[in-house]
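Trainee: Walk me through this model, please. I'd like to start with the charged pairs.

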Amino acid sequence: MATPPKTFRIKSFGCQMNVYDGERMAEMLGAEGMRAADDGEDAELVVLNTCHIREKAAEKAYSDVGRLRREDGSRPLIALAGCVAQAEGAEAQRRTSMIDMVVGPQAYHRLPQMVAEAAAGRRVVDTDLPALTKFNALPARRRTGPSAFLTVQEGCDKFCTYCVVPYTRGAEISRPFASIVAEARALVDGGAREITLLGQNVNAWSDGDRCLDALIRALDRLDGLERIRYTTSHPMDMSDALIAAHGEVAKLMPYLHLPVQSGSDRILKAMNRSHDAEGYVRLIERFRAARPDIAISGDFIVGFPGESEADFEATLRIVDAVRYAAAYSFKYSPRPGTPAAAMDDQVSLEVMDERLQRLQARIAEHSQAFNRASVGRSTRILIDRKGRRPGQMIGKSPWLQSVHVEAEAEIGAMLDVTLVSAGPNSLGGVLAHRQAAA
Ligand code: SAH
Ligand code: SF4
Ligand code: F3S
């Protein structure tokens, strides 16, 4: 394996930040003269950009590594990246001889150098968590699709008792204002119409006196950018100014992802969430006062240690109180090294399964009601892919719904449509001018 690889494949799992990191790794390897392997082509370097948030993440990563062995016994160069890499560190290379590089989420700017070392037969590990170093070392952005991610904040100091992220992503840090604006400019020049600002606690972003609302207002002035979104927020870091921005900033989309996790104050306390159910609902009401049509989404965990039927019913009540347009729900998964994993009273898998089903059914009722209530609205969609039928395109509404439309349009086009039907997972739209002509 003395010759450096010429082709690579990056597989990203987990959250949008991993998608962003995967894109940046690809750009970096591209800048080194490597190219992405085509579909079906055998890449000479494979990067597994992993997620550690739930279930048997580490075991899954090792079995994914094992499957990279080719029929003739050879294998590509293999880099374990992302949050499992951070959590496992050098242990990964003790577990298997197939991993040449272990690279954590804050160290991937060193990947090209690591690849060179690995190609020369050395095994390398870098799981340092230096603040901001990588962003300064990455090559400039070039081409992108119509909807781009931009990491502005990384890491977490909240230490919810169930969560690994503070350990895998490090402490909360914010990128400087100027470098974010420059990257946004480059993304727009490269084809982005929509930018989603990313952070584990994106609403904690700050640079000097500037907070997230000021960043959003600055991006609102970027010519060529049509839409701004941000995710994920924490109730504790929410500011009046950010709420107000939702009523005032034209390009800021009417959508808020604000995880609550549970509707039971007792469980929220055990989770170390630092908010209660009522405070959360009041916060949502203030967003609705600023922007009445705002779509609210959230995350839930069922079966946190000690969760009783009464606690779970409080979760169903908060779902009804908020009327989520969308929400993600998960069975509690004990993560190695987190306080909750050592708590008494772990809930059985059977009970978790049953609660998850009831919760998802309740969430689905509200999201379908939200979609049905959208029918009749005139709005704009951002086309992001082709539909299954010829002539059909799919785009996103401001409320992040998928909308199917018959139209001759390019990916990246913004179309004026009227929403005419609502299915369980998507809406139907017709072009506004077509309707006017009919
Ligand atoms: N603030 C974060 C949350 C990251 S994890 C962000 O920026 O996205 C995403 C979601 O995974 C959490 O909101 C939580 O609902 C869920 N989650 C985290 N740890 C979990 C665990 N141990 N078991 C089950 N779900 C978990
Ligand atoms: Fe995890 Fe809580 Fe931090 Fe979100 S806020 S990343 S759930 S510790
Ligand atoms: Fe997963 Fe790490 Fe994101 S654990 S959810 S990839 S921050």
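Mentor: Terms first: a salt bridge is a side-chain nitrogen of Lys or Arg within 4 Å of a carboxyl oxygen of Asp or Glu. This is a predicted model, so local features need pLDDT of at least 70 and side-chain atom pairs count only at pLDDT 80 or more, while totals for chains, interfaces and linings use all residues. Residues are numbered from 1 along each chain as its sequence is written, chains are lettered from A and ligands numbered from 1 in the order in which they are written, and side-chain values use heavy atoms, with hydrogens and water left out.

Trainee: How many salt bridges does that rule give?

Mentor: Side chains of opposite charge can pair when their charged atoms come close. Applied here, the cut-off gives a count of 39 salt bridges.

Trainee: Take Arg185 and Asp189, then: what is their N to O distance?

Mentor: Both sit in helix 8 (residues 177-189), and because they are four residues apart, about one helical turn separates them. Helices here are DSSP runs of H or I with at least four residues, strands are runs of E with at least two, and both are numbered from the N terminus. The two side chains meet in a salt bridge, N to O, at 3.2 Å.

Trainee: Is Asp189 buried or exposed?

Mentor: Buried means under 20% relative accessible area, exposed over 50%, and partly exposed in between, using a 1.4 Å probe and protein chains only. Arg185, at 30%, counts as partly exposed. Asp189 has 57% relative accessibility, so it counts as exposed.

Trainee: Which strands does the pair Glu194 and Arg229 tie together?

Mentor: Their side chains form a salt bridge at 3.0 Å, N to O. The partners are 35 residues apart in sequence, so the pair ties together strand 10 (residues 194-198) and strand 13 (residues 227-231).

Trainee: And are Glu194 and Arg229 buried or exposed?

Mentor: Look at the burial of each partner, with the cut-offs above in mind. Glu194 and Arg229 get the one label: buried.

Trainee: Which residue pairs with Lys396 in a salt bridge?

Mentor: The closest N and O atoms of that bridge are 3.1 Å apart, and the partner is Asp384. The pair links distant parts of the chain, 12 residues apart: Lys396 is in strand 18 (residues 392-396), and in strand 17 (residues 378-386) lies Asp384.

Trainee: Which domains does the chain have?

Mentor: The bounds come from an automatic or database domain assignment. That assignment gives domain 1 (7-126), domain 2 (133-371) and domain 3 (378-437).

Trainee: How much area is buried between domain 2 and domain 3?

Mentor: Their centres, taken over C-alpha atoms, are 26 Å apart, and 14 residues of domain 2 are in contact (heavy atoms within 4.5 Å) with 18 residues of domain 3. Buried area is the accessible area (1.4 Å probe) that two parts lose on being put together, summed over both. Carbon and sulfur atoms give 60% of it here, and the total is about 1,300 Å².

Trainee: How do the residues of the shell around ligand 2 divide?

Mentor: Near means one heavy atom within 4 Å, and the residues around ligand 2 include Cys156, Cys160, Cys163, His234 and Arg273. Ala, Val, Leu, Ile, Met, Phe, Trp, Tyr, Cys and Pro count as nonpolar, Asp, Glu, Lys and Arg as charged, and the others, Gly among them, as polar. By that scheme the shell divides into seven nonpolar, two polar and two charged.

Trainee: And how does the shell around ligand 3 divide?

Mentor: Cys15, Cys51, His52, Cys83 and Arg169 are among the residues around ligand 3. This shell comes out as four nonpolar, four polar and one charged.

Trainee: What is omega for the cis peptide bond joining Thr231 and Thr232?

Mentor: Thr232 is found in the loop between strand 13 and helix 10. The cis bond that joins Thr231 to Thr232 has an omega of about 5°.
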